[in-house]
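Subject: Structure handover

Dear colleague,

My notes on it come after the model.

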Amino acid sequence: MRTTDVTKRLADLGGAKWGVHLKARELIKTGADIVEMTIGEPDVPVPDTLIEATVSSLRAARTGYSNGHGEPGLLTAIAERYTANRGRVFEPENVLCFPGTQTALFAVMAGVAQTGDEVLVGDPMYATYEGVIRASGADVVPVPLRPECGFRMQAQDIAQRITSRSRAILLTTSNNPTGAILTEADIAEIGQLAIKHDLWIISDEVYEELVYEGARFVSPLAMSNLADRVIAVSSILKSHAAPGFRSGWCVGPVSFCEALLPFSETMLFGNQPFIADMTELAIRSGSEVAPEMAERFASRATLLAERLRAETKLTVHRPEAGMFALINVSATGFNGEAYAWDLLQAGVAVMPGSAFGDGLNDWVRVALTISDAKFSTAVSRIVDHANLLTCERIRARHA
């Protein structure tokens with residue numbers, strides 16, 4: 001039977017990128033001692049207050065149909081939060097609710113780009129971005145995020161890749177997988193390019209509340225001169241340790257939200273009211289887990305960087321936020337893909353950097369979301385493995 005073009009556009013974006021992760025899961029099922037550092041899930045359970053709010057809402061029969069816009073209480077809570085945090089006034093009409101950031105991003109992308117268009121996005125990028133862009137019919141235009149610039153997207157690199165087909169710039173701050181945060185100056189320069197070339201800016205801000213001490217989150221939504229061209233997507237999945245609840249949103253110009261609403265209704269025809277009630281409470285109350293998560297992730301990143309610097313030839317890019325750190329493994333003689341598979345034999349599963357773009361061929365990504373004890377074990381195994389590889393290379397040179 002025939003399938004559509006969209007299935008062909010996404011055919012090479014499936015499980016291959018997750019090969020090491022999937023193999024690690026297979027080995028763990030057989031009893032193998034593997035420390036899994038591949039994916040990032042919060043290292044704490046969903047707070048009891050959110051569980052109880054969900055259960056109470058279910059018992060209150062908040063199980064009927066909603067609508068494609070979102071429950072009124074949640075829309076108001078999101079608008080009030082962004083008004084307080086962005087220095088501009090947002091109304092419920094500036095918001096659309098979705099089941100998670102991923103769905104919000106998919107819908108927003110469908111609203112700004114189509115076949116024949118181009119979307120500029122940083123390389124390295126979150127693993128699903130390419131699929132989200134290509135699903136719209138648009139082409140992905142990678143913009144290198146250079147280590148010497150702290151993996152922050154630079155306006156000059158974007159400018160070199162803008163064409164008459166360009167429609168949007170997709171930003172991630174903080175970035176997954178690099179943990180880099182765009183500065184106010186970075187965003188201002190990128191914003192000027194967007195104005196000059198009449199481009200949308202889509203800002204993925206899901207890690208906003210997992211910023212480490214000493215770093216500062218800045219949103220393009222806070223810049224009034226960009227008000228008519230910025231759409232932010234986010235959720236409570238990371239900030240409130242609630243990934244399974246799939247509760248997210250987009251915030252943007254009223255005219256855009258009105259135009260996208262029929263598409264949202266076609267996809268979903270409404271979210272779950274009981275999850276909306278829980279999300280409203282989460283937003284109004286703030287996160288009781290995010291500050292401590294950010295502190296733990298930063299501490300683990302520091303431990304990783306200090307031990308690898310002192311005991312190996314591997315180097316670490318220190319994240320400013322989020323759940324991950326990057327290790328440059330070029331000193332081993334392996335690229336990231338080969339290194340990840342070899343390290344798996346030493347009992348640690350990490351993600352090859354190439355899963356996130358060509359710019360990370362010599363890197364691997366490690367999750368900071370496992371317990372301190374497991375993290376310490378993993379770091380020791382990485383150190384031992386790196387030193388073993390160094391000894392093997394020395395022996396090979398003298399053989």
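Predicted model: local features only at pLDDT ≥ 70, side-chain atom pairs only at ≥ 80, totals over all residues.

I begin with the pockets. The largest pocket has a volume of about 450 Å³, and its lining is made up of 20 residues, with Gly-40, Tyr-126, Asn-176, Tyr-207 and Lys-238 lying nearest its centre. Helix α5, which covers residues 101-112, gives the most to this lining, with three residues. By class, the lining of the largest pocket divides into 10 nonpolar, five polar and five charged residues. The second largest pocket, for its part, has a volume of about 220 Å³ and is lined by 13 residues, of which Lys-17, Met-125, Glu-130, Gly-357 and Asp-358 lie nearest its centre. The lining of the second largest pocket has seven nonpolar, two polar and four charged residues.

The largest cavity has a volume of about 100 Å³, and of the 15 residues that line it, Leu-145, Met-153, Leu-171, Thr-172 and Asn-175 are the closest to its centre. Strands β3 (118-123) and β5 (166-172) each supply at least two residues of that lining, and the largest share, three residues, comes from β5. The lining of the largest cavity is made up of 11 nonpolar, three polar and one charged residues.

The second largest cavity holds about 80 Å³ of space, and among its 14 lining residues Leu-74, Cys-97, Asn-271, Gln-272 and Ala-276 lie nearest the centre. Here β2 (95-98) and α10 (273-285) each supply at least two lining residues, with α10 giving the largest share, three residues. Seven nonpolar, five polar and two charged residues make up the lining of the second largest cavity.

Just after α10, Gly-286 takes a positive phi of about 80°.

Ala-60 sits in the loop between α3 (48-59) and α4 (72-86), and although Ala-60 and Phe-274 are 214 residues apart in sequence, their C-alpha atoms are 8.8 Å apart in space. Ala-60 counts as exposed because its relative accessibility is 53%, above the 50% cut-off.

Finally, the cysteines: a search of the whole structure finds zero disulfides. Cys-250 is in no disulfide, and the nearest cysteine sulfur, that of Cys-257, is 4.7 Å away, whereas a disulfide would need the two sulfur atoms to be within 2.5 Å. Cys-250 is buried, with a relative accessible area of 0%, and Cys-149, at 18% relative accessibility, counts as buried too, because the cut-off for that class is under 20%.

With best regards

Notes: Residues numbered from 1 in each chain as written. Heavy atoms only, no water. Helix = DSSP H or I, 4+ residues; strand = E, 2+ residues; numbered from the N terminus. Buried < 20%, exposed > 50% of the residue type's maximum accessible area, 1.4 Å probe, protein only. 1 Å grid on protein atoms, 1.4 Å probe; cavity = no way out; pocket = protein on both sides within 12 Å on 5 of 7 lines; lining within 4 Å. Points joined across faces, edges and corners; volume = space filled by probe spheres on them. Nonpolar A, V, L, I, M, F, W, Y, C, P; charged D, E, K, R; others polar.
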